[in-house]
Amino acid sequence: MNITVISTGSEKGNSYLVEDGHTSILLDAGASIEAIKKAVDFDVTRISAALVTHEHGDHSRSADKLLFYGVDIYASNGTLTMIGLEDSVHAQTVKSMRPEKIGTFRVVPFVVEHDAAEPLGFVVDSIVTGERLLYFTDTAYVRYLFPRVDVILGECNHSSDILEANAASGRIAPELAARITKNHMSLERLLVYLGMMDKTKLKKVVMIHASDANADDELFLSRVRAATGLEVEIA
C-alpha cells in the first residue's frame, strides 16, 4: 500500500492519496484541486473515490471540484449536507461501522470527536496487499481499538504542555487553547492510544495535521519512536 501526502495542515489543506496498485482513493479533499491533480499526474480519473472526514474547508474544499471528474465522494450524511453535496449522484453516504467496498479496498468508517456534523475516521484494508491503514484526523481521541493495523496515518496536532505554555504567555487566546484541546489529538493522547492498541502488525506511524505554534517535531518523533520502536514520520 502506497501513501502519498499531498498536503497536510490547516493552511494548505489535508489530502492523502492511498494506492495498492489496483485502486486509488483520496483521504480528505482539503488540498487544492491543482495539488491533487499533480499528485495523480493530472489523471484525476484514476481516483476511484474521495473519503471526506468532515465539512471543514481544510478537509473538503476540493470535493465539489472532484465531482466534475466523476470522483465519488464518500462521507456521512451530516458532512455531505454541510458541504451541499447530499443530492449529487456521485455522493455516497456512509455510516459508522458499516463497511464499504471501493475497488480493491474495504473501508470501515468510525465516529471521531470533533466540532463538526458527523465527523468520521476510516480504516482502509487492501484485499490485494492484505495491509490495513488506520486514518484519523481532527479528533480529540479515538474511542475504538482496531486490530491488525499496519500503518497509522493519524493526527498529532499539539503537545498539551506547549499549548498550555502558549496560552499562559498570551501567545494564543485561552478560548482557542480550550477548543484545540477539545477537538484535536495531542501527543500525550496519541501516546496513550498507541500504548493500548494491538501493535503486532504495526510497521509505521505517520503523524499529520501538526500545529505550527503548538508542536515540536523533534519531541514528537522521539516520544513516538520511544513508545513504539517503529518507523515514525511527520508529514
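Predicted model: local features only at pLDDT ≥ 70, side-chain atom pairs only at ≥ 80, totals over all residues.
The chain contains eight helices and 13 strands, where helices (H or I, at least four residues) and strands (E, at least two) are DSSP runs numbered from the N terminus. For 235 residues, a compact globule would have a radius of gyration near 18 Å, and the 17 Å of the chain agrees with this; the radius is taken over C-alpha atoms, and the globule rule is 2.2 Å times the number of residues to the power 0.38. The C-alpha trace spans about 50 × 40 × 30 Å along its principal axes. The accessible surface of the chain, computed by the Shrake-Rupley method with a 1.4 Å probe and, for residues, with only the protein chains shown counting as cover, comes to about 10,100 Å², of which 51% belongs to carbon and sulfur atoms. Of the 235 residues, 51% count as buried, a class defined by under 20% relative accessible area, with exposed meaning over 50% and partly exposed lying in between (1.4 Å probe, protein chains only). Where a contact means heavy atoms within 4.5 Å, 58% of the contacts between residues at least 6 apart in sequence join residues at least 24 apart.

Strand β10, comprising residues 132-136, has five of its five residues buried, so it is largely enclosed by the rest of the structure. R132, L134 and F136 point one way from this strand, while L133 and Y135 point the other way, and all of them are buried. Strand pairing, which requires that DSSP find at least two bridges between two strands, joins β10 to β9 (residues 120-126) in the antiparallel sense over four bridges, and to β11 (residues 151-155) in the parallel sense, again over four bridges.

Strand β8 (residues 105-111) runs antiparallel to β9 and is joined to it by seven bridges, with V107 standing opposite V124.

The loop between β10 and β11 contains T139, which counts as buried at 0% relative accessibility. The side chain of T139 reaches the backbone oxygen of Y141 at 2.7 Å, a polar contact being a pair of N or O atoms within 3.5 Å in which, within protein, one must be able to donate a hydrogen and the other to accept it, with residues adjacent in sequence counting only if both atoms are side-chain atoms. When residues up to four places away in sequence are not counted, T139 touches V112, E113, E155, N183, H184 and M185.

A search of the whole structure finds five aromatic pairs. Rings of Phe, Tyr and Trp (its six-membered ring) pair if their centres lie within 6.5 Å, and planes under 30 degrees apart count as stacked, over 60 as edge-to-face and the rest as tilted. One of these pairs is edge-to-face, because the rings of F110 and Y144 have their centres 6.2 Å apart and their planes at 80 degrees. This pair links distant parts of the chain, with F110 in strand β8 and Y144 in the loop between β10 and β11, 34 residues apart. F110 counts as buried at 0% relative accessibility, whereas Y144, at 24%, counts as partly exposed. The rings of Y144 and F146 have their centres 6.0 Å apart and their planes at 50 degrees, so this pair is tilted. F146 is buried, with a relative accessible area of 10%, and ring pairs link F110, Y144 and F146 into a cluster.

Definitions and conventions
Residues numbered from 1 in each chain as written. Heavy atoms only, no water.
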